[in-house]
Amino acid sequence: METFFKKNGTAVRAHPGYPDLVGFGRRKMAVSPAERKAMVMYQIGALSAFCQAEGIPLQHGKPHGAMYKKDLPQALAICEGIRAVNPKLILPGPSG
């Protein structure tokens, strides 16, 4: 069975966030940069495995919810996590 993404040529995008199921990742969590990097790597790595199994590329990774707006050390941890899984992934940033 062909997946929707493959059939329609739709890009697959990862949106890693906090492990906050009830708040849908929108509640702030106090985590270290190392913990944030691990969260990003885990989530993007899992989605990458599904994409690989289906023969479709993962296009980009963008933080979700409360994980998106952070200070420089936390932002760098996100970048490092994405790069560790796939250095070719696009990382969009805010405009302005």
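Q: A salt bridge is a side-chain nitrogen of Lys or Arg within 4 Å of a carboxyl oxygen of Asp or Glu; how many does this rule give here?
A: The count comes to 1 salt bridge. A word on the ground rules: this is a predicted model, in which local features need pLDDT of at least 70 and side-chain atom pairs count only at pLDDT 80 or more, while totals for chains, interfaces and linings use all residues. Residues are numbered from 1 along each chain as its sequence is written, and side-chain values use heavy atoms, with hydrogens and water left out.

Q: What makes Asp-20 and Arg-27 a salt bridge?
A: Their side chains meet at 2.6 Å, N to O. That value is within the limit, so the pair qualifies. As a general point, side chains of opposite charge can pair when their charged atoms come close.

Q: Where is Arg-27 found, and which residues is Arg-27 in contact with beyond its neighbours in sequence?
A: Arg-27 sits in the loop between E1 and H2; helices (H or I, at least four residues) and strands (E, at least two) are DSSP runs, numbered from the N terminus. Leaving aside neighbours within four places in sequence, Arg-27 is in contact (heavy atoms within 4.5 Å) with Tyr-18, Asp-20, Val-22 and Ala-66.

Q: What makes the phi of Phe-24 worth a look, and how do you know whether Phe-24 is buried or exposed?
A: Phi of Phe-24 is near 55°, a positive value in a residue other than glycine. Phe-24 lies in the loop between strand E1 (12–14) and helix H2 (33–54). Its relative accessible area is 52%, so Phe-24 is exposed.

Q: Why is H2 called roughly parallel to H3?
A: Two packed helices are described by the angle between their axes and the distance between the axes. Axes are lines fitted to C-alpha atoms, for helices over the stretch in contact, and angles run from 0 to 180 degrees between N-to-C directions. The axes of H2 and helix H3 (residues 72–85) come within 8 Å and cross at roughly 30°. That makes H2 roughly parallel to H3, because angles under 35 degrees count as roughly parallel, over 145 as roughly antiparallel, 65 to 115 as roughly perpendicular and the rest as oblique.

Q: Which residues make the contact of H2 with H3, and how do they divide?
A: Among those of H2 are Val-40, Met-41, Ile-44 and Ser-48, and among those of H3 are Ala-77, Ile-78, Ile-82 and Val-85. The contact divides into 10 nonpolar, 4 polar and 3 charged residues. Here Ala, Val, Leu, Ile, Met, Phe, Trp, Tyr, Cys and Pro count as nonpolar, Asp, Glu, Lys and Arg as charged, and the others, Gly among them, as polar.

Key:
Buried < 20%, exposed > 50% of the residue type's maximum accessible area, 1.4 Å probe, protein only.
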